[in-house]
Amino acid sequence: MDWEKVFAGSGAQRVDLPTYAFQRQRFWLNSNVSVGDPAFALDHPLLDSVISVPDTGGVLCTGRLSLAAQPWLADHAVSGTVLLPGAALVELAIRAGDEVGTGTLRELVIEAPLVIPDEGAVRVQVSVGEDTGGVRPVAVYSRPDDTEAGSPWVRHVSGQLGAEVAVPAAGFGVWPPEGAVAVDVSDVYEKLTDRGYGYGRVFQGLRAVWRREDEVFAEVALPSSERDSAAGFGLHPALLDAALHAGAFSGARESDGDGLFLPFAWSGVSLHASGASSLRVRLTSTGAESLSLDLADGEGVPVASVESLVLRAVAGEQLQVSGGGGGDALFRVEWSALSVPEDADDVEVEVFEVPSASLDAGAVREVTAGVLSAVQSSLGSSGSGRLVVVTRGAVDVGVGGGSGVVDPVAAAVWGLVRSAQAENPARIVLLDVVADGVVPAGGVLARVVASGESQVAVRSGGVFVPRLVRAVAVPSGGGVFRPGGTVLVTGGTGTLGAVVARHLVAVHGVRSLVLASRRGLHAPGAEALRGELERAGAEVVVAACDVADRDALAELVGSVPAGAPLSGVVHTAGVLDDGVIAGLTAERLAGVFRPKVDAVLALHEVTRGLELDAFVVYSSASGVLGGPGQGNYSAANAFLDGFARWRRSQGLPAVSLAWGLWGDTGGMAGALDQTDQARMRRSGIRPLSVEEGMALFDAAIGADEPALIPVKFDLTALSAQAGAGELPSILQGLARKPRRNAAVGGPVPADSLSVRLAGLPEEEQTETLLDLVRDEVAVVLGHTDPGSIIPGQAFSELGFDSLTAVELRNRLAGATDISLPATLIFDYPSPAAITEHLRAELIPDAATGTVELADVDEVGLRKALASVPLDRLEELGVLQQLLRLVAATPGAADSAATTVASSETRQNAAHLIADMDVADLIERAMGNTTN
């Protein structure tokens, strides 16, 4: 088609198009032009807008980064991971500083590399804060562009901006400098690639290099395709990054296999001229891992200077999650002040004071067993009051008279009771006072209970409640474990032990390992693991040792060679013995405590006199959040968390990591069935990959925190819980609540379900309640179709266990506002049976009352039984039971054939039931028959 004729015919004017690609004219408003909107567009390749912040006088600049929008970023990869160059982070900070008139980057510390995803984009924000004495704080944040609402921003750098400095005199007029000797650079990028630096064409800017004593001089330039884009930058990141490549010829740094050197801390960065496409560079080594830079243009006019740049070795594994795949999954417990009601209605409160005990394994067993018995007794009673379990020094609130020392025995009690609370909502309150404190008076207790909080700490400064908050931790870079030492990994041949052993060798450079487990080399995969680690350069001892046996452990530690002394402990051992609170015993507590409580106390005693770099214990988030069906496991892990805090208070290294769900390790999480996995998804916990977990491990052991919680939350699931009013209090800071409740035409009474049912015919009442029950059963079992739940099928046949039984009870109690027993599915063993029970509770008139057999004529009962429609008997789960009983009579159909009521069987059932002697039927139901 002749488009020129088309446009001519339409009367349109001809416009001359540019003769080359991407020529453009900018039509954005300048940022200093005042309009009604405080947000203005930025003409910058990495930033698109700037917003003034009235309270601080600072600004917030935003941008969007992706390989689609900035394809040249793909040319900067480290260990196969595409990273935003450190030079680009410098560019972002300086450009944001331009908006408030600060021309110098006084310092910038890179806390976490910013990963550019293969697909999709990341949003970046550059925050410039308030001017204090001519200095402003600056930070760069990111998060995935398609993230859900409320997702956290990851901070990548923080630093300070200051006033502009004077432009230095030109110093590169003579080029190359006198006395400098040329160096061959033809194979420099080939060598850098071999070391793990993936520089593509845009970043291969090093053109020539000369050396003179401790100085390196270089020429760097952008490829012709990128020269035009340089005008949009203060200093193109690829150009500044290429200047750093000259450091490969300084001789000051050589890779030692522990990681690749990346920029870590910039100081005194000044930009004197913008838009350069080529540079003359002078690089001076100022230390083993530091340098300074002076940059000029082709005429020797200064462009930029860097007083100091410190580099740090970073392992490839750390880069896998630094862009958000796990960097936002590290938490700690923070205690927040609570305003309790001034008045509270009288409430029945039973107080159980936990006795103080010495710090030994026997005391932990005795105390927790006593609390378990008290909790079981309270939950088994028919009263509606609350049990208040009072501890002393179980938690460190950090204010109000606390010593900062935690009692690990009392901490174990909190873990046990947290699980009991998860299984029995609104029945138990945990209350902690200081070690020498008194139990609050009844009025205070009533107000605490009225607050609705299940876990509180009372201090002289008020009442406090726990909330999970994100922990800020910097990856250690492999520097925690000193060279030449031995690290002991307990549970070392298990799944998580093997994962951390590999990581210690590959990332932390550990070259001597002792892997302890009960079976030693007889454990599955132990021989292969040892061989793998030895091929990686480590000396490995796989020892059969029960770490809870102090004497055996002392012998093992004593066998560590003096030439490679024990420098670290990572305790990963543990066992599961799940069961609801009602089914736990002192023996089941002890079995789970041994590899946790007994073992960590033995490790502490045996290594107390050694100079360890790290003492890391693997705990579980169940001890912090409360794991339904895991009371013993939660107690043992809460002990570890408390013990790490106690050990830190003794001046010894310790950190407890309360892990969430591991995904692809095949460890304890590998035993989860479909129902368990569905429960975890509903709880809002997502599985961690090995890469994510080990990056969190590095961040945690490098942090100054004794207890951290590495767990990956599904914020959408948490928000759904918040909307339904089901979000645990400790997680309330992590999810946004619905903005407002939907407006309704009038007040909704608390008994609206009862009122609604009362207005329905009996048949519809049953149908409505049955739908409710089937919906909740489907949720608990992880089924997508509630219609697949057969009303009369026994819960045991549906796959229910004690834990799912408790969860169903809790969900139905919440949906109906009825107090239901923990034995609900045993008392009413099918969805139809529960439906009838709920109907009787919600509509008392619907209850038929108890019928005494002595008051009923046998013939009348038989006729009444025969008169009930078979569909109704089947719906109630009665028909199959009757058919099984009938099948036990001579001449009846085979019992296996009557498991499913065929059409013919159903037709004969009425006659068989009607003809059967009722007394015989009851005898058969009780199992008292010899037929």
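**Charges and cysteines**

Modeller: Let's begin with glutamate 767, which counts as partly exposed because its relative accessibility is 48%. Keep in mind that this is a predicted model.

Biologist: Okay, and where is glutamate 767 found?

Modeller: Glutamate 767 sits in helix α19, which covers residues 762–781.

Biologist: Let's switch to salt bridges. How many does the structure hold?

Modeller: There are 25 salt bridges in the structure. The general idea is that side chains of opposite charge can pair when their charged atoms come close.

Biologist: Nice. What does glutamate 762 form a salt bridge with?

Modeller: Its partner is arginine 839, with the closest N and O atoms 3.6 Å apart. This pair ties together distant parts of the chain, since glutamate 762 belongs to helix α19 and arginine 839 to helix α23 (residues 831–842), 77 residues apart.

Biologist: Got it. Which side chain does glutamate 532 meet in a salt bridge?

Modeller: That would be arginine 502, at 2.8 Å from N to O. Here too distant parts of the chain are linked: glutamate 532 is in helix α10 (residues 526–535) and arginine 502 is in helix α9 (residues 495–506), 30 residues apart.

Biologist: What about aspartate 187 and lysine 191, how do their side chains meet?

Modeller: They meet in a salt bridge, with 3.5 Å from N to O. Aspartate 187 is partly exposed, because its relative accessibility is 28%.

Biologist: Which residues are linked in a network of salt bridges?

Modeller: Asp48, Arg64, Arg123 and Asp145 are connected that way.

Biologist: Last topic, cysteines. How many disulfides does the structure hold?

Modeller: The count is 0. For background, a disulfide is a covalent bond between the sulfur atoms of two cysteines.

Biologist: And is cysteine 61 buried or exposed?

Modeller: Cysteine 61 is buried, with a relative accessible area of 0%. Cysteine 545 counts as buried as well, because its relative accessibility is 6%.

Technical notes:
Residues numbered from 1 in each chain as written. Predicted model: local features only at pLDDT ≥ 70, side-chain atom pairs only at ≥ 80, totals over all residues. Heavy atoms only, no water. Helix = DSSP H or I, 4+ residues; strand = E, 2+ residues; numbered from the N terminus. Buried < 20%, exposed > 50% of the residue type's maximum accessible area, 1.4 Å probe, protein only. Disulfide = S-S within 2.5 Å. Salt bridge = Lys/Arg side-chain N within 4 Å of Asp/Glu carboxyl O.
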